[in-house]
Amino acid sequence: MSELRYLLFLGCTIPYRVTSYEISARKIFAKLGIELVEMPDFNCCGLPVDPADHEVMLALAARNLCLAEQQGLNIITLCTGCATTLRKVNRMLKQEKELKTRINEYLKEVDMEFKGTAEAQHFIQAFKEDVGFDRIKETIQEPLVGLKVAEHCGCHLLRPSKVMAYDDPEDPAVLKGLIQLTGAKCLDYADEAECCGYTIIAIDEKVALQLTREKLHHVKAAGAQALITVCPSCHLMFDMQQSRIERMFNERFELPVLHYPQLLGLAMGFTPDELAFNELRVNPSRILEAIKAT
Amino acid sequence: MGEKTEALRDVQPTRLDPSFKYEVMKERDGETLKICFQCGTCTSSCPTARFSDSYRPRTILRMAQLGLRRKVLSSPTLWLCTACFTCTDRCPQDVEVASVLRVLRNLAIREGQIPRIYAELASNIYETGYAYKIPEQRERKRQEVGLPPLPKPSLDKVDRLIELVGGSKLIKSKEPE
């Protein structure tokens, strides 16, 4: 078995306001025998400034890739935005000589050089390709049989598909498969692969929240008891913004939103406290009771 | 004046800038603008277009092809792309739709049209390495719950890099008074 050792790229959104994701992820990684090395240095992956200046994004991403190369490790991320950005820029710099030369001229000024010796991936991809479903299955101690949930992969786990390239962007299956390992049933619902709206909330809040709201409707209509996310930004929209959407549109969802590591963690036998359930905005007690009842 | 009449008024030879499409095509991923044949798959796949009255990726690409430079670059709807990349994935012509839209936003910023949020995000990265200003007490809280300290960015290096690639124009503290 290959060694499961990665450089953890935490990104900005998780330490800023989604610590529950990090806490639960570290728990399940340890249980799976995944060793995480902390970044020795860091800057934002670059994605947030791509709409403003593509070249700045490229440089910021490249610097992180260089840090991984210096450590001789591949990057693992929890955020889909960091994953897509680091993968995309890595691919571009490896394929395009001219671009690589230009970016390396900048990097040289900060004593770095992009060589193209590291990879970057979201942990869901690593679970599929490096860890393997069998190994995850072996860690399940308390299967969540009877539980019905839905998944939200998030755009950047799937698209651009030529960059992500390990799942079907029109009918994503990897996260679903990983959810089913826990014993829970993962339901289909309308427009599963659609956007949560996060990236435009500061530009047009109403449009952004309507995107989130529509997804919440579809998930509820399918009969899911919880929504499972694998991105801090998507999680903020569905969990933190949910009560706001309820007030704005005068309706009730009361749909608990869990990070996938929290769901898997429960099935591994961790307690809700160990998985930072107390940090969720939408009260998860009904789903915890449903699990207890099964 | 109705919306249609207004659009027609804009499509006048004197209002068009025929060089605009070349300006777009010169930028990375912008070259695919020329192969858009206006089928509308992007707009019909666009999550934002369903809820916004004005944001239509197909229309923006057509306006760019026609050379409606000022209209495109000053349009507030340019900023409503969520970068979900569904349009790019589904385009039958392999137009990098989302990336062409990013090129247009980059050009708008070069003209000085920077939405506050992007100046803020860029400035945060310049000042802290992170896109958000993470409160100091967060570090203490991390320790309490057993999390390792956050990675410390080498700010001198990060800032030097941002300046080298021409990112200074995004930074609030560097704005000309």
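**A helix and its surroundings**

Author: Let's take helix H10 of chain A: the cover over its buried residues includes helices H6 (123-131), H7 (133-138) and H14 (260-268) along with strands E5, E6 (185-186) and E7, again of chain A. This is a predicted model, where local features need pLDDT of at least 70, side-chain atom pairs count only at pLDDT 80 or more, and totals for chains, interfaces and linings use all residues. Residues are numbered from 1 along each chain as its sequence is written, while chains are lettered from A and ligands numbered from 1 in the order in which they are written.

A few words first. Helices (H or I, at least four residues) and strands (E, at least two) are DSSP runs, numbered from the N terminus. "Buried" means that 20 or more other C-beta atoms lie within 10 Å of a residue's own, "exposed" means 12 or fewer, and "partly exposed" is in between, with C-beta atoms placed from the backbone. Two residues are in contact if those C-beta atoms lie within 7 Å.

Back to H10(A), residues 174-181: 6 of its 8 residues are buried, so the rest of the structure largely encloses it. Those six are A:Val174, A:Leu175, A:Lys176, A:Leu178, A:Ile179 and A:Leu181. After the helix comes A:Gly183, with a positive phi near 100 degrees.

Among the buried residues of H11(A) are A:Val207, A:Leu211, A:Arg213 and A:Val219.

The contact between the chains takes 41 residues from chain A and 48 from chain B. On chain A's side, the elements giving two or more residues are H1 (13-17), H2 (19-31), H3 and H11. H3(A) gives the largest share, 5 residues.

H3(A) (54-71) has a partner within its own chain as well: it packs with H5(A) (97-108) at about 70 degrees, axes 10 Å apart. That makes the two helices roughly perpendicular (65 to 115 degrees; under 35 is roughly parallel, over 145 roughly antiparallel, the rest oblique). H3(A) brings A:Leu58, A:Ala59, A:Ala62, A:Arg63 and A:Cys66 to this contact, and H5(A) brings A:Ile103, A:Tyr106 and A:Leu107.

Now zoom out. Chain A has 15 helices and 8 strands. Its radius of gyration, taken over C-alpha atoms, is 19 Å, close to the 19 Å from the globule rule (2.2 Å times the number of residues to the power 0.38) for 294 residues, so chain A is as compact as a globular protein of that length. Buried residues make up 58% of those 294.

One last stop is a cis peptide bond between A:Arg159 and A:Pro160, with omega about -5 degrees. A:Pro160 sits in the loop between H8 (155-158) and H9 (161-164) of chain A.

Key
Axes fitted to C-alpha atoms, helices over the stretch in contact; angles between N-to-C directions.
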